[in-house]
Amino acid sequence: MKIFITLFYFTIISFFIAIVAFFIQKNDETAVNEENYTVGVVFKAMDSEHWLSVRSGMIEAARKHNMKLIVMSAENEIAYAQQNKIINDLLDNKIDALIVSTTNIFHTDDFMKNAKLKNIPVFTKRI
């Protein structure tokens with residue numbers, strides 16, 4: 001069962017990275033020959049085998065698409081203020097897209113507005 005869950009998450013993450021790559025390539029017709037694009041990834045936490053496995057899958061998929069990943073996380077899954085600070089810090093740097101596994105879906109307005117102002121696509125679960 002654990003292998004099935006890991007494969008499922010790997011497939012989902014590869015799909016998200018492929019979407020980000022397509023979105024970026026759609027906006028820029030130049031060929032991607034090197035790590036031209038940077039995707040910020042913010043997890044809930046990195047204190048479990050699950051998130052470590054997800055991170056490994058994302059890194060592998062990013063390599064296939066010549067993308068650079070910046071992977072960060074909060075200390076734990078309830079530290080939404082810390083996660084939002086990490087997200088806003090990433091948005092203040094040069095990233096082309098953001099993937100977030102939110103610690104609290106009710107505290108996303110701040111970083112979503114910041115990303116919209118900077119025209120950075122965000123892939124996350126929101127209500």
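This is a predicted model: local features need pLDDT of at least 70, side-chain atom pairs count only at pLDDT 80 or more; totals for chains, interfaces and linings use all residues.
Visitor: What makes Phe43 and Trp51 a tilted pair?

Guide: The ring centres of Phe43 and Trp51 are 5.0 Å apart and their planes stand at 40°. Rings count as a pair if their centres lie within 6.5 Å, and planes under 30 degrees apart would be stacked while those over 60 would be edge-to-face, so the angle of 40° makes this pair tilted. The structure holds 1 aromatic pair.

Visitor: Which residues touch the most other members of the largest nonpolar core?

Guide: That core has 14 residues, and those touching the most other members are Ile17, Val39, Val41, Phe43, Met58, Leu69 and Ile99. Two or more residues come from each of strand S1 (37-43), helix H2 (49-64), strand S2 (67-73) and strand S3 (97-100), with H2 giving the most, namely 5 residues. There is also a second, separate core of 12 residues, which includes Ile87, Ile95, Val100 and Val122.

Visitor: What makes S2 and S4 the edge strands?

Guide: The open sheet has 4 strands in the order S2-S1-S3-S4, with parallel pairing, and S2 and strand S4 (122-123) each pair on one side only.

Visitor: How do you know that S1 and S3 pair?

Guide: Two strands pair if at least two bridges are found between them, and S1 and S3 are joined over 4 bridges in the parallel sense, with Leu98 in S3 as the bridge partner of Gly40.

Visitor: Why is Asn66 called partly exposed?

Guide: The relative accessibility of Asn66 is 33%, and buried would mean under 20% while exposed would mean over 50%, so Asn66 counts as partly exposed. Asn66 is found in the loop between H2 and S2, and it has a positive phi of about 55° although it is not a glycine.

Visitor: Why is Asn119 placed in its accessibility class, and which class is that?

Guide: Asn119 has a relative accessibility of 69%, and the cut-off for exposed is over 50%, so Asn119 counts as exposed.

Methods: Residues are numbered from 1 along each chain as its sequence is written. Side-chain values use heavy atoms; hydrogens and water are left out. A nonpolar core is a set of buried Ala, Val, Leu, Ile, Met, Phe, Trp, Tyr and Cys residues joined through side-chain atoms within 4.5 Å. Buried means under 20% relative accessible area, exposed over 50%, partly exposed in between (1.4 Å probe, protein chains only). Rings of Phe, Tyr and Trp (its six-membered ring) pair if their centres lie within 6.5 Å; planes under 30 degrees apart count as stacked, over 60 as edge-to-face and the rest as tilted.
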